[in-house]
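Trainee: Please take me through one part of this model slowly. I would like a close look at a loop residue and then a strand.

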Amino acid sequence: VHLPLPMLLEQTRISRLSPEDFRPIFRRERFIVFIRGESGSGKTSLAIQLANWALEVNAGQRLGHHRMLPAFIEAPPNLNSEAGLHSVLAAIQKQVQKLLVNPRDLSLELVQDLLRRQRILVIIDHVSHVSDDLAGLFGRGLDDRSPIKALVLTAQGAEEIFGAAAATVLALPMEADSLAEFLSGYLKQKGKRELFSDREFLEAAVRLSELAGDRNITVLLARIYADLMVASKEFLRTHPIPGNLPDLFLSYLEALNQNVATGSKPDSGTLARLAKAAAWECLKLGFRPGPAKVRDLAAAFSSEPDVLQKLPYCWEKLPLLQSVQSTEPVYRFTSDSLAEYLGALRLIELLGDNEKAWRHCLTNIAGRHGSAGDICSFLLTLRDCCRVKGQESGVPEFVGRELGRLVGTDPTGFEPT
């Protein structure tokens with residue numbers, strides 16, 4: 001479900017982005033569209049919409065002079081060499097082959113020729129950090145050393161590393177006065193608006209605004225809340241939608257599992273344990289969501305191999321994880337926000353009331369904050385989780401104060417649960 005949302009395109013606020021807004025960019029000889037914004041703000045949704053517009057048959061709705069094949073790829077770990085460029089080109093080749101009737105006809109040389117003629121739109125989603133290597137390969141002009149002439153990137157960070165070479169799109173948070181309109185449009189597209197009276201609908205919009213508190217209301221948060229509204233009606237859930245964000249994400253995970261019509265699915269408790277552990281593996285190296293190795297997750301369940309066996313269920317049956325092509329089994333979360341909340345809950349479970357472990361963790365966080373990419377989103381999420389789960393887990397009060405200092409707030413402790 002895609003709904004138009006307000007965004008800043010090259011510093012100009014646009015209420016509803018359309019092909020006309022991007023056409024001048026897509027008709028340049030070389031271009032980068034850099035979509036940035038916080039977790040769950042609709043970056044990936046916009047990238048998919050750009051891919052659809054680039055592939056449009058109708059010339060009046062198309063972005064470029066000709067149709068472009070979209071190639072969604074993952075950023076490889078090493079981009080500072082010719083091997084890095086080769087791995088990117090090989091990934092593009094694999095993605096385009098999936099769109100062809102005779103994929104063997106697509107040689108690497110033909111891929112490079114199509115890239116130079118802007119017949120392929122390269123989309124790299126979930127770039128965890130825009131590094132100098134990435135800018136060197138694609139940016140600072142997309143010079144003649146790289147055959148890639150049409151590129152879309154999505155990232156959380158606010159780096160300006162590409163300079164004038166990139167057209168920057170900033171995904172804006174939802175405003176309170178547009179929330180009701182978004183929820184209505186979303187539920188209508190899903191064919192569920194008739195489940196709610198006007199009064200129920202408006203009350204739900206108010207509750208969502210209150211639930212978000214000082215956090216921005218993102219597209220993902222609004223969608224999750226709307227999906228839980230539907231689940232509460234269709235499955236006759238007796239307990240209300242949670243009034244805090246950590247429990248809201250856990251309830252969403254439970255609702256996803258409940259929607260799967262299969263007898264082999266795990267119970268909600270097992271799924272939550274697995275998902276939280278999987279999320280922390282994606283976060284623990286840099287406190288930003290990224291790919292994780294299955295073998296690293298296996299170590300957390302070494303005494304419970306039956307739990308780990310449920311991992312493929314998370315990408316085969318649920319819109320939770322996706323398997324990443326690699327030399328060994330690797331996965332990542334489809335949603336950064338979900339990964340951050342589940343990972344933060346797992347971290348609280350691991351550290352509990354251990355003051356020494358928390359001080360060591362906060363020292364590592366402080367070392368990463370502001371130097372290796374902005375991790376403010378995870379810090380706010382961890383603060384939220386400590387407020388809600390801190391007392392029952394015995395988390396020391398100084399943790400909340402230190403997180404508040406890092407994100408620019410001054411919490412006095414944990415809120416009662």
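Where is Gln11 found?

Mentor: Gln11 is found in the loop between β1 and β2. This is a predicted model, where local features need pLDDT of at least 70, side-chain atom pairs count only at pLDDT 80 or more, and totals for chains, interfaces and linings use all residues. Residues are numbered from 1 along each chain as its sequence is written, and side-chain values use heavy atoms, leaving out hydrogens and water.

Strands are DSSP runs of E, at least two residues, numbered from the N terminus. Glu10 sits in that loop too, between β1 (7–9) and β2 (12–14). Now look at the backbone. Most residues other than glycine have a negative phi. Gln11 has a positive phi, near 75°. Glu10 also has a positive phi, near 50°.

Next, exposure. Buried means under 20% relative accessible area, exposed over 50%, and partly exposed in between (1.4 Å probe, protein chains only). Gln11 is exposed, at 69%. Glu10 is partly exposed, at 38%.

Now turn to strand β6, residues 150–155. This strand is mostly covered, with six of its six residues buried. Both faces are covered. Ala150, Val152 and Thr154 are buried on one side, and Leu151, Leu153 and Ala155 on the other.

Which strands pair with β6? Two strands pair if DSSP finds at least two bridges between them. Strand β3 (residues 31–36) pairs with β6 in the parallel sense, over six bridges. Ile35 stands opposite Thr154 there. Strand β5 (residues 120–127) runs parallel to β6, joined by four bridges. Here Leu153 of β6 is the bridge partner of Ile124.
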